[in-house]
Amino acid sequence: METEDWFKLKRYPHIGEPLSLKDYKWIKDYVENTKCIKEHSFLPLIHKCIIKRKYRADNSNLIRNKKGERMRFIDRPKIRNIYYASHIDSIVFSYYNHLISEEYEKLIKTKNFNESIVAYRKIPVTIGSEKNKCNIDFAKSTFEFIKKNENNKLTAIVADITAFFDNLDHKILKKQWCKVLNTNTLPEHHYNVFKALTNLHYVEGDQLYNSYNRTMLVEKGVPNSSRDKKIKRIEIKSNSYFKEKNAVAYCTKEEFLTNNLNLVISARNKVGIPQGSPISATLANVYMLDFDQEVYNKVEAVGGYYQRYSDDLIIVCDQKYEDDILMFIRDRVKNLTRLDIHPSKTTVYRFKKVSSVFKGFEIDEASKIPNYNKCLEYLGFSYDGQRVLIKDSGFSKFYRSMKRSFKKSTSLAIYSKNPDKSLFKQRLYKRFTHRGAKRKLIYHPSKLDPTKYEKTKKYYWGNYLSYIYKANDSMRHLNGGKDIIKRQSRRFWNNFHQLMKDHENRIITAKKNKA
């Protein structure tokens, strides 16, 4: 069935059972009816915290490990508050995201800063291409600008707006929303969506889970039927097993309204919108319209370069304009957007020829003292004027994911009812090695003839190595025609096989102990 891009089905558990393709027609009629949306009652969001550990090199400790690397410590973790909308609310947000995106694109294409705003937009790689740019292309264009001006003394300013989504001013958001729609006030149906986003009501997922004695509604197959499904409430020991047990809902909408209204929390927030809704990203761009215009004009006037990727922005200019530009962006962020750029979230780099070699390095903003050991970092890449590399944190995240998958696969092999007790090697190879890195078109069995397969419009997108290979190809000319980024990934093959060996030994040991 052909559906619009805004019709995006979610599989996470929420209040009420998930939707399916069979619901498409009535949902389309519903979301396109402005009267229905004007009167639509949004359910509270479900709140979860995503905690990301941070590892930092301990520069104060001279002791190194066996590999000669600096010792690391666990820094204060990064905590992201994510809010999930119910299934029907999510599609309402997605539909209005579609409407606002269309109007935003029409407006921004009339602006001179159109190419500077790159996040959450479909920007073709070339005119007429069906392929769109990604962070690799955006980082590449930034580094190319620096390289093209290597005969000048340059400054690159990278800034991160503090707690961006949490601090958006509601009055400014409403004003910019009206500007995009070219109206003096928000239409009633748009205003109802605006209220749902700015008047935050939510439920803690764990509290809702515990209120039903750690049970969830799960989807199960019906005996002697390959298609029919039934919903049943079962006990699940931990929320980490929701996906494995195919949990689809905490409770029905009726159960929630009867039993759980006492769990609803009103944030009473005067600023901010929830991060995680389908519409939040587009509204971030809408919110920054006036800021983007003023910053672009200021940077363009001095022959510089401006790019903003959500709450991360980079400005490249001649070194003589460094202090002026820094003061300007901080003033505009504070007084125009009512947001803040914390000094610790602003990093200044300089690029110039040192002993006839074009080199980039970080400087201390106050003292202007250079640190030649640190180079420009932007959108997951580092650039020192000579070569582009993927940041180490990206590889570390991939390796930690690999270790977790081996650990889980080993646990399943040891404790599952499968008498074979072996690792699912094929899945591991596909996810973590070059064997699964190739992008492939997905085929499904034909409905007319199950013995034959037919093409779908879906692709298997590969794995992290696919990203590495793409980055390597894109950045090759900046790396002097060498496969420098690809070389960064060479150690993963040995790491993968060492993990394979270690975990197979664990399974063998477990078998012996049971015997």
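**Tyr 372 and beyond**

Mentor: Let's start with a single side chain: Tyr 372 is partly exposed, at 41% relative accessibility. Here buried means under 20% relative accessible area, exposed means over 50%, and partly exposed is in between, with a 1.4 Å probe and protein chains only. Before we go on, this is a predicted model, where local features need pLDDT of at least 70 and side-chain atom pairs count only at pLDDT 80 or more, while totals for chains, interfaces and linings use all residues. Residues are numbered from 1 along each chain as its sequence is written, and side-chain values use heavy atoms, with hydrogens and water left out.

Trainee: Got it. Where is Tyr 372 placed, and what does Tyr 372 touch, not counting residues up to four places away in sequence?

Mentor: Tyr 372 sits in the loop between strand 14 (370-371) and strand 15 (376-378). Helices (H or I, at least four residues) and strands (E, at least two) are DSSP runs, numbered from the N terminus. Not counting residues up to four places away in sequence, Tyr 372 touches Lys 359 and Phe 361; contact means heavy atoms within 4.5 Å. The C-alpha atoms of Tyr 372 and Tyr 349 are separated by 10.0 Å, and the two are 23 residues apart along the chain.

Trainee: Switching topic: which domains does the domain assignment give?

Mentor: The assignment gives domain 1 (33-43 + 85-196 + 274-386) and domain 2 (393-513). Such bounds come from an automatic or database domain assignment. The C-alpha centres of domain 1 and domain 2 lie 33 Å apart.

Trainee: And how many residues of each are in contact?

Mentor: On the domain 1 side 11 residues are in contact with 9 residues of domain 2. The area buried between domain 1 and domain 2 is about 860 Å², and carbon and sulfur atoms give 69% of that. Buried area is the accessible area (1.4 Å probe) that two parts lose on being put together, summed over both.

Trainee: Which residues of domain 1 lose the most area to domain 2?

Mentor: Ile 136, Lys 140 and Phe 381, which together make up 50% of what the domain 1 side buries.

Trainee: What about salt bridges, how many between domain 1 and domain 2?

Mentor: The count there is 0 salt bridges. A salt bridge is a side-chain nitrogen of Lys or Arg within 4 Å of a carboxyl oxygen of Asp or Glu. Helix 4 (residues 135-148) gives the largest share of the domain 1 side that touches domain 2, with 7 residues.

Trainee: How many salt bridges are found in the whole structure, then?

Mentor: A search of the whole structure finds 25 salt bridges. One of them joins Asp 5 and Lys 122, with the closest N and O atoms 3.6 Å apart. Asp 5 lies in the segment before strand 1 (14-15) and Lys 122 in the loop between helix 3 (87-108) and helix 4, so the pair ties together parts that are 117 residues apart in sequence.

Trainee: Are Asp 5 and Lys 122 buried or exposed?

Mentor: Asp 5 counts as exposed at 58% relative accessibility, and Lys 122 is exposed with a relative accessible area of 63%.

Trainee: Now a loop question: where is Asn 479 found, and is Asn 479 buried or exposed?

Mentor: Asn 479 is in the loop between helix 14 (464-475) and helix 15 (484-488). Asn 479 counts as buried, because its relative accessibility is 3%. Leaving aside neighbours within four places in sequence, Asn 479 is in contact with Gln 386, Arg 387, Val 388, Ile 484 and Ile 485.

Trainee: Last one: what is phi of Asn 182 near?

Mentor: Phi of Asn 182 is near 60°, a positive value in a residue other than glycine. Most residues other than glycine have a negative phi. Asn 182 lies in the loop between helix 5 (170-181) and helix 6 (188-198), and counts as exposed at 71% relative accessibility.
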